[in-house]
Amino acid sequence: MRPHSWSSLVLGLTAALQLALAAKHNGITDIKVTACPEDNCSIPGFRKIPQDLNKFSRGNYVHLHFTEGQHNPHQPYEQVNFADLGTHDHPMIQATAQVLGNNNKKKHDNPITQIAVLQGQDADMGPDWEKIEGNLNDGTAYGPVLTMFVQRDPSQAPIDSIVIKYGFDSHAAIGYDRLPMDLNTGTGGQWVHLFYKRAGPREPITHIATKACILSTCNMDSSWTRINRPIMTGTFKRYLYFFYKSVPGERPITDMQLLFDRDNDKDEVIDTGVQFKNRNVLVAVTRGEVGDSRAIDNVAIELGANEIPFNWNHASFQKASPDEEVPNWNAQVIYRSGHKELPETPTLRFHNDGTFKIVQFADMHMATGPHMCFNVPSSMDCTGDINTLMLMERMLDTERPDLVVFTGDNVDGISSNDAYATILKYSRPVVERGIPWTIIFGNHDEEGDLSREEMMRSVQDIPYSLSERGPLDISGVGNYILSIYNPKRSRRPAFANFKRGGEEERNDDGEEETFEEKEKSRFSLYFLDSGAYSFSLQYPGYDWIKENQVEWFRQQSKAITSQYQADNVPNALAFFHIPIPEYDLTGPDDISDGDDDDGDNDGGEDDLRKRKKSKKQKGDDDEKDDDRLVGDKNERVSSPSYNSGLFEALFQSKDVRATTAGHDHNNDYCLDHRGIHLCYGGGIGYGTYGSSGIARRSRVFEIRSFGDRVETWKRLDDEDLSTVGHQTLFVGKKPVGALSKSGTDEMAKRMPGKSVRPKFSPERLRNEVLEGARQGGQYVLNGLGNW
């Protein structure tokens, strides 16, 4: 039985911050609690946090749901009328309505800035707090009533992310705070902790403390905030935690360092209780005056020796001499001081010559530590992620892209016990070059210590990132759209655009242009979260892009294309990680043997086309349309066993001309299926499975003629960074409704919603298992398995 915590526990901002800063960030505007006998409660328009607050406590399934919006009092959020939901036939909706009633009459404009949880049936926090209806321990036999309260203060920075984690010593990403109460308290079930992230600066830290413990149960009273994770000291007192708190009116801490000697010029020295070679490890801090702009407002631990977050500093060891030995904890103490806004990310625009270049990095599988190499020639001097980073840098310096897209399995979850550090590691080459970049998730990213929610919010805190969480009420994290615009040019005032007689001028694209007119996109980029794994016994294997995502795409595409004349609709590309079933419509015998017949180390690039041409010359009637595919299919397509109808939505849209995926590392082809090109990026990562006879590679898309033409090619990791598979995907606008002959009969067998044969091939399963075993061994041997 876990100990009860009977005191009121309140976290949130306590110092007033500038209203203008809070207004620049999205914030959570509503939190709801549902409690249902079955795990099927949901609220339209809200994101459901999947973790059950009653885990292992034999009570109802209790979940938190939240929604967010731009902090703008002139645009209130449309709320759900739960009274209407009570008449709905769906049991999931009925359960939601029964728990919540008509408890959502009030529209909230200001985001939530503080969260509190109290015990007791009649708990109350006063008039400045709003009570969230629902018992967090609902349905349990022994647990006390837990009630959540929220506060909104327009002068304070908003809470913009909430996650739930299991385990006493659970942690979240850098920048998240933990509510120091077990939300499953008194029930005998799993420890459940709530973490939340606040946008913008926090109140200045005035006190820092440390505590070293044998077990991970280190804690202090509720006035202290425990940082994200401990340092694993390797001593008897294995877990070293840092704590901090803010006391208004006291002098803030402006600098901190680690050292051994108490004789220094710092204002205070804190003994950590940990020794290194019989010397006490100390923390020295410097204080500034009240209101000092250098004040520290956050402290965290980052594992490894990777880049530290933007606007953070490293509390390094202060050595008495360059040769002085210091502990190798495989961790960095970091702190944030003096809030700085992220550098402005430029709007995506075509160059004056009408070009825009995108580089796709697929399946990097990077780790927190140095990692290892898989499936490389025995003669190759390979050091894992270092080689992947070198190839990325060569690609960026050669192609000089306008946008970089990381298309999933960016983080190798099993070897990343600090996924934020891994994200900083793989994004460093693009950040250093000031290149806009964006991500989608794969099936391995979330297998480490962070959820999709945490990783997305972490990515958004890195310079030049354009990634978005996307709508809260559809499946997945990372469903969004980016637009590419015409080159920036001077715009005349509206009155200057009218000729005599009232005739309005038109710009070069045939669209009316005035000073007040909102700028229109000339090319669209759709990003979709394809999930990870299926939990359906009927459709086992990999996950799929859900029907609500498909419908979201349909609506967004329609909204974009309806703004244009029929002959001037901008084209579009779509990005996702797991290939949809239509990627496999190349034929069952179209797997390349990978032989490098032409000696260019491309792993058999264009081998398929040669064999198809040979078959056709021999009169093989089964090979017609041999120009449909460019590139190699070196492994079976590992697509979902369920077809959710995304391809049909893409085909019926007026804008999407091509898609690109990752996931199958050895495939790099583009397949023309009914006029939509289905492309692979080709695996770039050395820390994951591949083939010793196939060079790692990366795909490039060059959009030309202001969006009316797209060409693509791949570059190989060889001495010359060779280019292979150059092709023109399309020219001109999309011919809506024009079916190509190829693939129509086969497609009829794969209508939306129908099961398709499982694509988790035996060789893929073998690669996954072997890779996981090898990486797991490295993970433990390197000491990176200490959570």
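The model is predicted, so local features need pLDDT of at least 70 and side-chain atom pairs count only at pLDDT 80 or more, while totals for chains, interfaces and linings use all residues. Residues are numbered from 1 along each chain as its sequence is written, and side-chain values use heavy atoms, with hydrogens and water left out.

- Gln-360 belongs to strand E21 (residues 356-361); strands (E, at least two residues) are DSSP runs, numbered from the N terminus.
- The relative accessible area of Gln-360 is 0%, so this residue is buried (under 20% relative accessible area is buried, over 50% exposed and in between partly exposed, with a 1.4 Å probe and protein chains only).
- A polar contact of 3.0 Å links the side chains of Gln-360 and Thr-407; such a contact is a pair of N or O atoms within 3.5 Å, where within protein one must be able to donate a hydrogen and the other to accept it, and residues adjacent in sequence count only if both atoms are side-chain atoms.
- A polar atom of the Gln-360 side chain lies 3.2 Å from the backbone oxygen of Ala-661.
- Residues touched by Gln-360, not counting those up to four places away in sequence, include Val-405, Gly-681, Ser-698 and Phe-701 (contact means heavy atoms within 4.5 Å).

**Strand E10**

- Seven of the seven residues of strand E10 (residues 192-198) are buried, so the strand is largely enclosed by the rest of the structure.
- Val-192, Leu-194, Tyr-196 and Arg-198 cover one side of E10, and His-193, Phe-195 and Lys-197 the other.
- E10 pairs with strand E8 (residues 159-166) in the antiparallel sense over seven bridges, and Val-192 is the bridge partner of Tyr-166; two strands pair if DSSP finds at least two bridges between them.
- Strand E9 (residues 176-178) also pairs with E10 in the antiparallel sense, over three bridges, with Arg-178 opposite Phe-195.

**Disulfides**

- The whole structure holds four disulfides, each a pair of cysteine sulfur atoms within 2.5 Å.
- With bonded cysteines counted along the chain, the pattern is 1-2, 3-4, 5-6, 7-8.
- The sulfur atoms of Cys-213 and Cys-218 are 1.8 Å apart, and this link is right-handed, with 125° about the S-S bond.
- Cys-373 and Cys-382 form a disulfide that is left-handed, because the torsion about its S-S bond is about -75°.
- Cys-670 is joined to Cys-679 (S to S 2.0 Å), and both of these cysteines are buried.

Key
Helices (H or I, at least four residues) and strands (E, at least two) are DSSP runs, numbered from the N terminus.
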